[in-house]
Protein chains: 2
Amino acid sequence: MPDSPPSLDPVQLGAYFALVEVTSLLRHAVEQQLKEAGDLSYVQFQLLARLGDSPTGSHRMTDLADGVVYSRSGLTYQVGLLEKAGLVERSPSADDERSVTVTITDAGRTLLAAVLPGHVEVVSGLLFEPLSRDDVHALAELLAPVRDHMRSAPPRSAAPRRRKS
Amino acid sequence: MPDSPPSLDPVQLGAYFALVEVTSLLRHAVEQQLKEAGDLSYVQFQLLARLGDSPTGSHRMTDLADGVVYSRSGLTYQVGLLEKAGLVERSPSADDERSVTVTITDAGRTLLAAVLPGHVEVVSGLLFEPLSRDDVHALAELLAPVRDHMRSAPPRSAAPRRRKS
DNA sequence: TAGACCTGCTTCGAATTCGAAGCAAAGTGA
DNA sequence: TCACTTTGCTTCGAATTCGAAGCAGGTCTA
């Protein structure tokens, strides 16, 4: 197969590097803000945000892990921390005895609300500052299909457990 | 200050979430590939890539840390691993006695070359697959100013060490 | 309904990560 | 030149992260 490109063209490289760099910097800044505003790590914030957005205020462990692209054991750990802090509650699921349902508490919602404005400010100031409304729109339009593509193809963080040889 | 937006508008939210999600998924996939192709973590790969790109094949520790957005202590650790693996060499800098210069070795270049094709393949297949040439161009054009903005404003991973109260 | 497999979550151990503290070299100002 | 601050890196300890292994509840099929 002599035609598989040995490298990306310069434009692709630029886009790729910029993407990685931008999110690294953004994440770093956001982490800083979350830590001092509410002593939350980025994952914890993501978890609370997802739970807060849910109509029921809850999600299954696995869905949370897949949602934030995190290992299952890591999620167990983080949810444990959140629970210890009273921001979240764990309960056995009704229909599936194995499943654990995580629900955000009032304290969790309160903290989330307290932290959000600062979070928004950081994201606005760093990510959106140099972008016009149209730019933002274009960016969203570009990334949406990429996300869908990535989610569909080889996504699951829990790959088939082991294929027998 | 009643006019600081309490939230991002839906389009911004979509762009922000997509950005985070896309890079998380991409990073995850890339990490997988690098691990099995050359037993490298993503940071290690980034470091080797940066060194390989440099005209001299070397960089100062601090510049590497800032470049890949990594803590200094973390960099010390990772460079230690790379050095132990013979992929990189540490040497005192000529002009500044405190500074340490990291240089990629031939083995490092070899491994980098061995790992790159698979890396490119993953990035192509996941990130660029759903994007046209124009899309990629647009993406690069959008992200470049954002990166520059982030790099300029409050960037340094090593903030002023401590301001006396 | 038994046997085999799959799924959801947790536990465990090892590796990584970061910030704070420390050390030495450089810069700065009087 | 002497203090004081800054900068570059490393060490240290604590917290996080992941994968492998384990356990229990589901599912499927004969």
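In this predicted model, 46 residues of chain B are in contact with 46 residues of chain A. Chain B superposes on chain A through a rotation of 180° with 0.0 Å of shift along its axis, at an RMSD of 0.0 Å. That is the relation of a two-fold axis. DNA strand C is surrounded by 23 residues, and DNA strand D by 24 residues.

- The elements that give two or more residues to the side of chain B that touches chain A are α1 (10-38), α5 (106-128) and α6 (133-152) of chain B.
- Of these, α1(B) gives the most, with 16 residues.
- By class, this side of chain B has 33 nonpolar, 9 polar and 4 charged residues.
- The copies meet through the same surface, because 98% of the interface residues of chain B are also interface residues in chain A.

**Packing of α1(A) with α1(B)**

- Helix α1 (residues 10-38) of chain A and α1(B) pack at an angle of about 110°, and their axes are 10 Å apart.
- The two helices α1(A) and α1(B) are therefore roughly perpendicular to each other, since angles from 65 to 115 degrees count as such.
- In this contact, A:Leu19, A:Val20 and A:Thr23 of α1(A) meet B:Leu19, B:Val20 and B:Thr23 of α1(B).
- The contact of α1(A) with α1(B) has 4 nonpolar and 2 polar residues, and no charged residues.

**Surface near DNA strand C**

- The residues that come nearest to DNA strand C are A:Thr62, A:Ser73, B:Ser73, B:Gly74 and B:Glu97.
- At least two residues of the surface near DNA strand C are supplied by each of α3 (61-68) and α4 of chain A and α4 of chain B.
- The element that gives the most to the surface near DNA strand C is α4(B), with 5 residues.
- The surface near DNA strand C divides into 6 nonpolar, 9 polar and 8 charged residues.

**Surface near DNA strand D**

- Closest to DNA strand D are A:Ser73, A:Gly74, A:Glu97, B:Thr62 and B:Ser73.
- Each of α4 (72-84) of chain A, α3 (61-68) of chain B and α4 (72-84) of chain B supplies at least two residues of the surface near DNA strand D.
- The largest share of the surface near DNA strand D comes from α4(A), with 5 residues.
- By class, the surface near DNA strand D has 7 nonpolar, 9 polar and 8 charged residues.

Note on methods. Residues numbered from 1 in each chain as written. Chains lettered and ligands numbered in written order. Predicted model: local features only at pLDDT ≥ 70, side-chain atom pairs only at ≥ 80, totals over all residues. Contact = placed C-beta atoms within 7 Å. Helix = DSSP H or I, 4+ residues; strand = E, 2+ residues; numbered from the N terminus. Nonpolar A, V, L, I, M, F, W, Y, C, P; charged D, E, K, R; others polar. Least-squares fit on C-alpha atoms with pLDDT ≥ 70 in both. Near = placed C-beta within 6 Å. Axes fitted to C-alpha atoms, helices over the stretch in contact; angles between N-to-C directions. Parallel < 35°, antiparallel > 145°, perpendicular 65-115°, else oblique.
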